[in-house]
Amino acid sequence: MSQLTITGGRALRGEVTVQGAKNSVLPILAATLLARGPVELLGCPRLRDVDASVRILRHLGCDARWEGSSLVVDTAGLNRCEISDILMREMRSSAIFLGAILARCGQADLSYPGGCELGPRPIDLHLSGLRDLGAEIREEGGVLRCRAPRLMGRELILSMPSVGATENLMLAACGAEGTTVISNAAREPEIVDLQMFLNACGAKVQGAGSSSVTVEGGRTFHGCTYACMPDRIVASTYLCALASAGGSVRLLGARERHLATVTAALREAGCAIASDEGGLTAVCRQRLRAVRAVRTAPYPGFPTDAQAVLMAALLRSRGTTVFEENIFENRYRHVDELTRMGARIRVSGRTAVVTGVETLHGAPVRCTDLRGGAALCVAALGAEGETQVSEICHIDRGYEDIARDLRALGADIVRVETEER
Ligand code: EPZ
């Protein structure tokens, strides 16, 4: 097991390059199954979730290997269209492979992806859209047996703008005959990145970023070299770290338009944030003010993935901030751990009320999930004394090396490998 030891109470000063986006590279790795030639992903982040995707690609018979900071995938050797239960359970978002395998192979057998710490993670919208495209999907004892000898393009209407369902249906539609229009599509920047990757491989996808995405089917796909976008949630995390500890930092590669609701909240709290071609510069010199209600919503609303880290940044603010988590059922698991550090937070259903306190104190805390774990680090930077953060495997799913990055920003943080208990 590993843990992070963080000594808070000192201002941050430094700069860091923001890693590639987890939620962009994961659907792109599934999309490599469509390419009939090698794909080189430049600056691919080394994450536990990327490792899980690589294991799935290799299980399917593909070649996937690191070449420096690039991940090179060649799917020429693809010889299976089923994903084992063990592999499916390693990463909740492995459902994203379904559309791509169907488009490439015409069939797919994979077990139902498990829920996760955030609550049940249904894929009913994915399955109903695939059925609308002509897939026959039987659910037998926890396994999805999918047959789609001919996918036929048509209009698909999502009952809610699901990110994963939009991405899965874009990939399946690439293997369909005719044109598919996905209405009420999710608008996240990562979906625009997926469209750009697919078009770099020879697809003709338009409209990503709007609520209507059009995919022209029947095209063949070649390999490409692609650099995925910077991770807007990692950038948001480091901005919240600055807000929590004070100081001045520069985030190279961060694009403000991708996290405008987060920078707006931090400016309202009293941070000065400037953006330029190279990234973002943030300065915080005084105690933060509480922010009006923070309601999570599909993009371009406030991102659910930044809820925990913004909460952590506001724990010592002057006043009260009300959070409303509207995307996931169980996304306040970090609250109990923050309370151990002296935070004042009251949770009732989807609402969490944060009343700012003068000081937080370091304490031993435990990661409950990916973004909740990052929030513990953010809070620890603004706390007096030492905090030990354990079960940091959750954080490693989405942050390449949070200790390295926060140290580059001037934090007193070390990763300690503790013996297996
Ligand atoms: C993606 O998850 C992200 N993961 C999540 O990031 C992110 O929080 C989420 O989008 C929302 O922005 C990846 O991109 C790998 P959804 P996804 O489908 O696709 C319900 C992180 O921390 N729903 O938009 O699973 C679902 O239960 C992770 O990086 C259905 O009911 O999100 C949830 O309540 C966490 N039926 C809501 O919709 C479906 O078929 C949003 O889910 C699909 C989803």
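How many residues surround the ligand, and which are the closest? The shell counts 23 residues, with L125, S162, D305, I327 and R371 the closest; a residue is taken as near a molecule or strand if one of its heavy atoms lies within 4 Å of it. The model behind these values is a predicted one, where local features need pLDDT of at least 70, side-chain atom pairs count only at pLDDT 80 or more, and totals for chains, interfaces and linings use all residues. Residues are numbered from 1 along each chain as its sequence is written, and side-chain values use heavy atoms, with hydrogens and water left out.

By residue type, the shell splits into 10 nonpolar, six polar and seven charged residues. Here Ala, Val, Leu, Ile, Met, Phe, Trp, Tyr, Cys and Pro are nonpolar, Asp, Glu, Lys and Arg are charged, and the others, Gly among them, are polar. The side chain of K22 puts an N or O atom 2.9 Å from a ligand oxygen, and R331 has a polar side-chain atom 3.2 Å from one. G164 takes part through its backbone, with an N or O atom 2.8 Å from an oxygen of the ligand. On its own the ligand exposes 820 Å², and the protein buries 87% of that (Shrake-Rupley accessible areas with a 1.4 Å probe; for residues, only the protein chains shown count as cover).

As for where the shell comes from, α1 (22-31), α5 (124-132), α6 (163-173) and α12 (370-381) each give two or more residues. The largest share, three residues, is from α5. Helices (H or I, at least four residues) and strands (E, at least two) are DSSP runs numbered from the N terminus. Domain 1 (2-18 + 230-417) and domain 2 (22-227) both give residues to the shell, so the ligand lies between them; the domain bounds come from an automatic or database assignment.

Next, the sheets. One is an open, mixed sheet of four strands in the order β10-β11-β13-β12, where two strands pair if DSSP finds at least two bridges between them. Its edge strands, β10 (155-157) and β12 (204-206), each pair on one side only. β12 runs antiparallel to β13 (residues 212-216) over three bridges, and V205 has V215 of β13 as its bridge partner.

β18 and β19 (residues 320-324) run parallel and share two bridges, with V294 bridged to F323 in β19. Five bridges link β19 to β21 (residues 351-355) in the antiparallel sense, and V322 sits opposite V353 of β21. β20 and β21 are antiparallel too, joined by five bridges, with V347 opposite A352. In the hairpin of β20 and β21, which has two residues between the strands, G349 takes a positive phi near 65 degrees.

Most residues other than glycine have a negative phi, and most peptide bonds are trans. N184, in the loop between β11 (179-183) and α7 (189-200), has a positive phi of about 60 degrees although it is not a glycine. The peptide bond from Y299 to P300 is cis, with omega near 10 degrees, and P300 is in the loop between β18 and α10 (307-313).

Definitions and conventions
Polar contact = N/O pair within 3.5 Å; in protein donor to acceptor, adjacent residues only side chain to side chain.
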